[in-house]
Amino acid sequence: MTEYAIEISGLRKTYAASKQQEAKEALKGIDLNIPHGSIFGLLGPNGAGKSTLINILAGLVIKTSGTVKIWGFDQDENPRQSRASIGVMPQEPNLDPFFTPCGSLDVQAGLYGVPRSQRRTDEILELIGLTDKANAYARSLSGGMRRRLLLGKALVHSPQILVLDEPTAGVDITLRNQLWDNVRRLNNEGMTIILTTHYLEEAEAMCDEIAIINHGSLIIRDTTANLLGKLDQKTLVITPTVRSQIASTAEIDVTHTDDGKIKLSYHPAQTSDNAVLDYLRTSSVNIKDIQTDVPDLEDVFLSLTE
Ligand code: ADP
Ligand code: MG
């Protein structure tokens with residue numbers, strides 16, 4: 001077995017100009033290795049390049065340059081093996097309305113060259129909760145059912161790696177939980193999972209490791225725990241009645257802005273709000289105004305790109 005499920009190096013993608021759009025450099029040289037067995041989150045705002053990256057892995061978008069190895073197989077040198085190792089649930093539903101779930105899974109299995117005797121159609125229908133709808137036309141399925149069917153299609157060839165592009169965008173909470181239960185189960189059975197989302201809470205709950213991309217570049221890649229440690233920061237912004245100076249402490253990092261505000265930054269997991277307020281009282285600053293500043297994903301981007 002290879003050490004990594006996915007090895008990406010120097011990956012670039014420029015979409016050619018069209019009548020509607022000028023050329024767009026969507027990926028600007030990505031290096032990223034994803035260990036096998038993990039649930040790996042690819043995060044970033046809309047337009048960051050997440051789908052481009054995933055669609056390159058899926059063989060749906062042709063890269064401009066760089067190398068991609070899937071399960072140890074170079075995408076260019078061993079296209080068949082690399083494609084057989086990965087299943088992708090795309091962001092955009094691409095279901096044929098005239099196929100039934102059973103038919104869609106069968107056609108997909110055929111595309112991947114899975115012999116009839118080895119097809120797991122019933123098992124997959126069961127997993128995605130569509131056994132009842134096995135013979136209903138796709139156009140009669142609800143949005144949630146269609147998404148589940150897309151998941152099923154990604155699984156027909158029993159890939160080692162499953163990639164989910166924004167699997168829960170626009171999906172209600174019950175379905176979301178069902179989907180995550182399925183994903184955890186597949187991961188427990190040994191499947192490497194890669195998912196994109198722009199919901200940080202979701203990534204936090206599901207992923208062992210996270211990479212953040214923005215404007216086509218990798219900004220950071222770390223364990224979820226470490227990344228959240230970086231997020232564990234809160235800032236009190238004080239406007240004093242008269243210009244005042246406060247010293248930093250071991251727990252509280254104090255900075256003074258040019259316009260006389262005092263910013264006290266601390267890690268709420270270690271230092272309570274009360275402790276910070278107590279420190280403020282002992283430093284005898286007269287407070288005119290007080291605000292709190294809790295970082296969100298955007299702050300993480302900013303702090304990491306500055
Ligand atoms: P994300 O999935 O992170 O939202 P995408 O990979 O879909 O980002 O898009 C990255 C950038 O590439 C965006 O600026 C988008 O407009 C552009 N883009 C995506 N697909 C195409 C395409 N087929 N043709 C031209 N530009 C594209
Ligand atoms: Mg996308």
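The model is predicted. Its protein chain is divided into domain 1, residues 4-224, and domain 2, residues 234-305. Between the C-alpha centres of domain 1 and domain 2 there are 42 Å.

**The magnesium site**

Let us begin with the metal. Ser51 (OG) and Gln91 (OE1) coordinate the magnesium ion (ligand 2), at 2.1 to 2.3 Å. These two residues are 40 residues apart, and the pair links distant parts of the chain. Serine 51 sits in helix H1 (residues 50-57), while glutamine 91 belongs to the loop between strand S6 (86-89) and helix H3 (101-111). Are the two buried or partly exposed? Serine 51 counts as partly exposed because its relative accessibility is 21%, and buried would mean under 20%. Glutamine 91 is partly exposed too, with a relative accessible area of 29%.

**Helix H3**

The loop of glutamine 91 leads us to H3. The buried residues of H3 are Pro101, Gly103, Ser104, Leu105, Gln108 and Ala109. What do they pack against? Their partners are helix H4 (121-127) and H5. Just after H3 comes glycine 113, with a positive phi of about 70°.

**Pockets and cavities**

Rolling a probe the size of a water molecule over the atoms shows where empty space is left. The second largest pocket holds about 310 Å³ of space. It is lined by 15 residues, and the closest to its centre are Leu60, Val88, Asn94, Gln108 and Tyr112.

How many cavities of 30 Å³ or more does a search of the whole structure find? There are three. The largest cavity is lined by Met89, Gly144, Arg147, Arg148, Pro167, Val171, Leu175 and Leu179. H5 and helix H6 (173-188) are the elements that give two or more residues to the lining of the largest cavity. H5 gives the most, with three residues.

The table sets the two spaces side by side.

| Space | Volume | Lining by class |
|---|---|---|
| Second largest pocket | about 310 Å³ | nine nonpolar, four polar and two charged residues |
| Largest cavity | about 50 Å³ | five nonpolar, one polar and two charged residues |

Definitions and conventions:
Residues are numbered from 1 along each chain as its sequence is written. Chains are lettered from A and ligands numbered from 1 in the order in which they are written. This is a predicted model: local features need pLDDT of at least 70, side-chain atom pairs count only at pLDDT 80 or more; totals for chains, interfaces and linings use all residues. Side-chain values use heavy atoms; hydrogens and water are left out. Domain bounds come from an automatic or database domain assignment. Donors are N, O and S atoms within 2.8 Å of the metal (3.2 Å for Na, K and Ca); water is not among the atoms, so sites may look incomplete. Helices (H or I, at least four residues) and strands (E, at least two) are DSSP runs, numbered from the N terminus. Buried means under 20% relative accessible area, exposed over 50%, partly exposed in between (1.4 Å probe, protein chains only). On a 1 Å grid over the protein atoms alone, a cavity is a set of points where a 1.4 Å probe fits but cannot get out, and a pocket is an open set with protein on both sides within 12 Å along at least five of seven lines; lining residues have an atom within 4 Å of a point. Grid points are joined across faces, edges and corners, and a volume is the space filled by probe spheres set on the points. Ala, Val, Leu, Ile, Met, Phe, Trp, Tyr, Cys and Pro count as nonpolar, Asp, Glu, Lys and Arg as charged, and the others, Gly among them, as polar. Contact means heavy atoms within 4.5 Å.
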